Amino acid sequence: MNGGGLGEPLARLEGREKVTGTARYAVDHPVDGCCYAWPVPATIAKGEITSIDCAAALAEPGVLAVLTHENAPRLGEVDDATLLVLQSPRVAHRGQYVALAVADSLEAARAGAGAVRVDYRAEPHDVVLRADHPGMYKPDKVNGLYATDRERGDFDAAYADSAVCVDEVYRTPALHNHPMEPHATTAVWAGDRLRVYESTQGADWVRETLAALFALPEEQVTVSCEHVGGGFGSKGTPRPQVVLAVMAARHTGRPVKLAVPRPQMAAVTGHRAATEQRVRIGADAEGRISALAHEVYTYSSTLREFVEQAAVPARIMYASPHSRTTHRVTRLDVPSPSWMRAPGECSGMFALEAAMDELAVACRIDPVELRLRNDTDTEPDSGHPFSSRGLAACLRDGARRFGWAGRDPRPGVRSEGRWLTGTGMAASCYPAQVAPSQAEAVAEASGRFRVRTNATDIGTGARTVLTQIAAEALGVPSQLVDIEIGCSDLPPAPVAGGSSGTASWGWAVHKAAQALAKELAELGGPLPETGLSVRADTAQDVADRSQRYARHAFGAQFAEVAVDMDTGETRLRRLLGVFAVGRVLNPRTARSQLVGGMIMGGSMALLEHSTMDPRFGDHAERDLASYHLAVCADVPEVSAYWIDEPDEQLNPMGSKGIGEIGIVGTAAAVTSAVWHATGVRVRDLPVRPELLLPGLGEWQVPNG
Amino acid sequence: MKSFGYQRAQRAQDAVAALAATPGACYLGGGTNLVDLMKLGVERPELLVDVSRLPHGTVDRTASGGLMIGAAVRNSELAAEPVVRERYPVLSQALLAGASPQLRNAATIGGNLLQRTRCLYFQDIGKPCNKREPGTGCPARTGVHRELAVLGASPHCVATHPSDMAVALAALDAEVHVLGPDGQRTVPVTELHRLPGEHPERDTVLAHGDLITHVELGPVPEAVNSAYRKVRDRASYSFALVSVAAALEVLDGTVSRVRLAFGGVAAKPWRAYTAEERLLGGPATEAAFTTALEAELAPAEPLHDNAFKVPMLRNTAVRTLARLARSGGPTPGEEER
């Protein structure tokens, strides 16, 4: 057992609780007198409820109440209209909640929900994305508050003058987050105080939202999320079920548990919106990029605007004197898209990196070399220097580890039995973000230390790493540090999102622990009976960071695939990634994050796909049998490495976020490997057998 | 969820009598499909009669040199049975290609034969489906149907049967022993499942109360050289896009015995009689295999998004036969990846 200091592979502190089943998730908390709620989804894609008949539902044994827009409490104002549940007879998309049955048992609640009769006046709906959709408009901002459009130099002229041009359209399908733990809530009222056990990536945001919706002072609301079974962005903000559960608990006067049934998740908990992306790259004969245009078309729901910022990476990745990056969005009668692991970067880097591979082929340049030739010391869009940019080091180290040297660039010339094999690569990037946070560090009379901050561990290892940060700043072994996270009564801290958690919370923990260590050193004498406590806030520190640096993590990913000549089945053989992510604080949990992201990226490349059913207006795949996530058999060998990357411009730990970069670029590495194996360029994800079969004819059985 | 009764049958006759007495009753095997469908509201039985503990849990040799497989044998048990692995590898491979280890440990042979389709419209009670609610229509034809049928469908239904095991059993001419209210009878597996026609709501020829007690295999000497190849998007835990069960005997370069059945392409395991007829007595060459397969697949009527299944199935069947034609050649499983 090591001391668990920073940089050591400390095992997850709650690992034993989780694998033995004693860790409590949102609806695992025992509460007395609990009842259960089951929502009723709309069965039209657009229109209005004309009547709701709850008589049969209320007659079901055990059913306590049915909430509808006619009797539900009126809610206060919030920006996110998806949370204003049961407030109006309007239906914005199929699957939107129109009623809620509450009963003594889960079974009775489900029976009650099934017995609610809703009549609608349906209106024609519009659910299919196309780039020339008449509703396309230019939003004010895109997700992440990035500029919608950016223009540098004269793209059109430079592109027209380029010796080599690539002009292709790439499409990504709708994807669903599908964390193992569904979105779930236990809501308990005690007089005017509200206690919520919630599956969320950030309890503070949930508290603020509930206080606004139910007209309560925030001090009367406590939201906790001790353990969270994954979120992948879909729990970054509150989702409708928490509002329904709180309503139902108030209406019945009893605690209420509500876990969103898996088949309903696709419509109410968010998804990655489909995109259509046109990428044009103009380069000289040596592959040096002169002109780069990335134009993104996507959709949002009619309830709220969420614009996948897929063209943003093109502003960062490569030297490109003439650049145009744009986003257009249309509003469809579909479920609301939202954050899914690396929103923007994940979709956008598929298109950009796939186009880079096509440019490498067009220029007859090795794809690794092409990226090295277009490396840059300054962020093209802002002109700022990078605080650190390890892309070139990752490319070189990855190529060495993967055995890239001497790769025959010709497509469709390698086979093993009936398998065609190929390799491909792509770059990764993700911004190194930080947000203000608070934390408290306490020296207890017992000799132990207590650290408190409302961070959230969604399975990443945050609890463990924050303990290590505190131990290092205090100069004590991590076993002496007790950490409290996941409750809105703790010092405020930002959401576990944007790969910013460890940097943000860790900074505050570091600051509090360091200040406590200083006070202890100055104290000289024994600790007071009540211990010694120091609270820190990083708002000023974060604001004081130099604005003159561009801060991003980078990486390089390599893939090897095999494609069956007869069936077009593609199987991953190897994924290898090398990342430049500042200082790695815990190699065990870091590797898990990076490998997890790469697996999810491979899954996106080959499997994941939500089909919008134009007739009904919903996504057809709504369980884990039909929505194909990679299983163990799909992921034979995945390795993640990182380079040493000191960076003084980040935070006191010198770390960059690692939760999302692993999924960025993987899909492009895989489609490039598929091209290398087969000669077939797949630009519409996922890579399915039917896309490859027509191009595999020359290897197949003779006709007649 | 609708309340339902539960009985555990001690004897097969008791189970049959219990069903006969209750029109809304269902047999319960491993529950791997039925319980899911109950949760979705697709199945709403009044009474479950648990037949998983009936004394049908063994695999025994028959006097004719075949096997009598109890309907309550678990999928994983049958797959691991040495005699099955040696003499009917196609069956062992088909069983192992299905579902996940956990599901195979729970699923029973009888229940596996009676799985319902995985068509997404069938599973969604908020939408029309002729199989679930006759006369409501089939949205799959113009909707999401990538995984659905290309053979033997009707304007009323394009569902596929999901079982891998059933495809192998169809190729092997297995017979199902059925105990019904009127006594015992046998039904060939190839005639157990129905094509949809005008009545997609009827998956099989079984009547209410009919209980599968055993599945009987004949000696089938050519099954020693047999294989099951399943083509799917995901490497495990996914249903077949297409699958092929084949057994082949070649003497002096000529096909002397052949059995061929397809999965993932029709409402029943599709026995390729036309291809078998063309292959028998002909040369064991890829060209001959291809011609036979083209003839078998000529009547295919694919939909917009599943046309790929026809060439995929042809290629898969030709490749599987070609492998079997190379005596002692590797089985498809060994060449994976």
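**Chatting about the chain A and chain B contact**

Modeller: Let's start with one pair in this predicted model: Asp566(A) forms a salt bridge with Arg319(B), and their closest N and O atoms are 2.9 Å apart.

Colleague: Nice. How many salt bridges are there between chain B and chain A?

Modeller: The count between the two chains is six.

Colleague: And how many residue pairs are in polar contact between chain B and chain A?

Modeller: That count is 16 residue pairs, with both residues at pLDDT 80 or more.

Colleague: Which elements of chain B supply residues to the side that touches chain A?

Modeller: Helix 2 (34-40), strand 9 (226-231), helix 11 (286-297) and helix 12 (309-325) of chain B each supply at least two residues there.

Colleague: Okay, which of them gives the most?

Modeller: Helix 12 of chain B does, with seven residues.

Colleague: What's that side of chain B like by residue class?

Modeller: The side of chain B that touches chain A has 18 charged, 15 nonpolar and eight polar residues.

Colleague: How many residues does each chain bring to the contact?

Modeller: Chain A brings 43 residues and chain B brings 41 residues.

Colleague: And what area do chain B and chain A bury between them?

Modeller: About 3,600 Å², and 54% of that is on carbon and sulfur atoms.

Colleague: Switching topic: what does UniProt place at residues 20-124 of chain A?

Modeller: An unreviewed UniProt entry puts the feature "domain: Aldehyde oxidase/xanthine dehydrogenase a/b hammerhead" there.

Colleague: How much helix and strand is there over residues 20-124 of chain A?

Modeller: The chain is 33% strand and 14% helix over those residues, and the end C-alpha atoms are 51 Å apart.

Notes
Residues are numbered from 1 along each chain as its sequence is written. Chains are lettered from A and ligands numbered from 1 in the order in which they are written. This is a predicted model: local features need pLDDT of at least 70, side-chain atom pairs count only at pLDDT 80 or more; totals for chains, interfaces and linings use all residues. Side-chain values use heavy atoms; hydrogens and water are left out. Contact means heavy atoms within 4.5 Å. Buried area is the accessible area (1.4 Å probe) that two parts lose on being put together, summed over both. A salt bridge is a side-chain nitrogen of Lys or Arg within 4 Å of a carboxyl oxygen of Asp or Glu. A polar contact is a pair of N or O atoms within 3.5 Å; within protein, one must be able to donate a hydrogen and the other to accept it, and residues adjacent in sequence count only if both atoms are side-chain atoms. Helices (H or I, at least four residues) and strands (E, at least two) are DSSP runs, numbered from the N terminus. Ala, Val, Leu, Ile, Met, Phe, Trp, Tyr, Cys and Pro count as nonpolar, Asp, Glu, Lys and Arg as charged, and the others, Gly among them, as polar. UniProt positions are given in the numbering used here, feature names are shortened, and annotations may be inferred rather than shown by experiment.
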